[in-house]
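Here is a report on one protein chain. Keep the sequence and the 3D view at hand while reading.

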Amino acid sequence: MVNALKAMSGVPVLIIGDMVADVYLDGTIARISREAPVLVLEQREERVVAGGAANVANNAATLGGASYAVGICGTERSGDALLAVLRANGVRTAFVRADAHPTITKTRIIAGGRATVSQQIVRVDREWHTPLDVETEEALLARIRELLPQVRGVVLSDYGSGTVTERVRRLVIAEARKRGIPSMVDSRYDILAYEGIGYVKQNDAELAAALERELSSEEEIRAAGHELRERLSADGVLITRGDKGMTLFLADGSATDIPVSDHSEIFDVSGAGDTCVAVMILGLAAGVDALAAARLSNVASGIAVRKRGTATVAAAELYAAVTALEGGV
């Protein structure tokens, strides 16, 4: 895996999808409000980190790749903050900024006191659900067409917020096949619309929802993974399975289980799937075989879940974890 990791350095990849600003508001419990039976918090800190497709792009950059990001954000302060976070890590951003589509934000209110552990008490989401207008979609497509010849792999990160339209989907799948570069999708709600994509990442719950049935046994998981790959004519399907690790289904009919690499305490699973996707596409784009790329993504996800909040994994962290697993090779 060390050689595979080295091959990923500097590889250019394009991330397209729903760009999210994850906002964390940390406060100290001060008192009970006189207006209503609710807590009053004294704000200590406000942080903005990259979420959704932006987290995939951020991880691709911190892992040493040349990361390009195409998406939509608003012209307000949260859009500025999201772009600043990405650019600070070297992500090349080509966003369409549109007043009609404010930046997707997920604001988490974190509260704690002197004798209590800080914890999330509420999350406030702001999304847009109106279809893209023609002008915005054309601008999005133009940026994708401009960047595709410059990269060696492409991801569609579809959180259901409307950035990945049918035209975007068709363009990316067709151009990736035409140029012979790997493509990958992580779609929470509409995976069956991605026929012809190269690789698919789903968790086991999303797989069950997509095929509209319960998957309660190993045999059912395996049958479902093979069925999804066949229905999409994909080169591979990577199913993440929580504490059971991952299973990779390939076009040769194989299904390989990849167990969890580190059983240390899990702090937060937020964004671990994005880390998985970033490593997988970097590996595939670097010419690493799919199983080796999936094994690397499994190790990287194990690092991500031991961090609080939506987090990135650095190339040095992954290198250290891989060398430790391989006995310092």
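## The open sheet

In strand 6, arginine 92 is the bridge partner of tyrosine 68. Helix 6 (residues 204-211) packs on the sheet and touches strand 11 (183-187), strand 12 (199-203) and strand 13 (236-240). The direction of helix 6 makes about 105° with that of strand 12. Contact means heavy atoms within 4.5 Å. Axes are lines fitted to C-alpha atoms, for helices over the stretch in contact, and angles run from 0 to 180 degrees between N-to-C directions.

This is a predicted model: local features need pLDDT of at least 70, side-chain atom pairs count only at pLDDT 80 or more, and totals for chains, interfaces and linings use all residues. Residues are numbered from 1 along each chain as its sequence is written, and side-chain values use heavy atoms, with hydrogens and water left out.

The sheet is open and has nine strands, in the order 6-4-1-10-11-12-13-14-15, with mixed pairing. Strand 6 (92-93) and strand 15 (255-258) stand at the edges with a single partner strand each, so one side of each has no neighbour in the sheet. Two strands pair if DSSP finds at least two bridges between them. Helices (H or I, at least four residues) and strands (E, at least two) are DSSP runs, numbered from the N terminus.

Strand 4 (residues 66-70) runs parallel to strand 6, joined by two bridges. Alanine 69 has threonine 93 as its bridge partner in strand 6. Strand 1 (residues 12-17) pairs with strand 4 in the parallel sense over five bridges. There, isoleucine 15 has alanine 69 of strand 4 as its bridge partner.

Helix 7 (residues 218-232) lies across strand 12, strand 13, strand 14 (246-250) and strand 15. Helix 7 runs at about 45° to strand 14.

## Buried elements

Buried means under 20% relative accessible area, exposed over 50%, and partly exposed in between (1.4 Å probe, protein chains only). Buried residues make up 53% of the 329 residues in the protein chain.

Five of the five residues of strand 4 are buried, so strand 4 is largely enclosed by the rest of the structure. Both of its faces are covered: Ala66, Tyr68 and Val70 lie on one side, Ser67 and Ala69 on the other. In a regular strand the side chains alternate between the two faces of the sheet.

Strand 8 (residues 104-112) is also largely enclosed, because nine of its nine residues are buried. Nine bridges join strand 8 to strand 2 (residues 19-32), and the two run parallel. Leucine 25 stands opposite isoleucine 109 in strand 8. Strand 8 runs antiparallel to strand 9 (residues 119-126), with seven bridges. Threonine 107 stands opposite valine 124 in strand 9.

In helix 2 (residues 53-62), 10 of the 10 residues are buried, so helix 2 is largely enclosed by the rest of the structure. Just after helix 2, glycine 64 takes a positive phi of about 105°.

Threonine 136 is found in helix 4 (residues 134-147). Threonine 136 is buried, at 7% relative accessible area. Leaving aside residues up to four places away in sequence, threonine 136 touches Ile72, Val96 and Ala98.

## Salt bridges

A salt bridge is a side-chain nitrogen of Lys or Arg within 4 Å of a carboxyl oxygen of Asp or Glu. By this rule the count comes to 20.

| Pair | N to O distance |
|---|---|
| Arginine 77, glutamate 46 | 3.9 Å |
| Arginine 177, aspartate 235 | 3.3 Å |
| Glutamate 218, arginine 241 | 2.6 Å |

Glutamate 218 lies in helix 7 and arginine 241 in the loop between strand 13 and strand 14, 23 residues apart. Glutamate 218 is partly exposed, at 33% relative accessible area, whereas arginine 241 is buried, at 7%. Salt bridges that share partners join Glu218, Arg222, Arg241 and Asp257 into one network.

Arginine 77 counts as exposed at 63% relative accessibility. Glutamate 46 counts as partly exposed at 38%.

## The whole chain

The protein chain has 10 helices and 15 strands. Its C-alpha trace spans about 65 × 50 × 40 Å along the principal axes.
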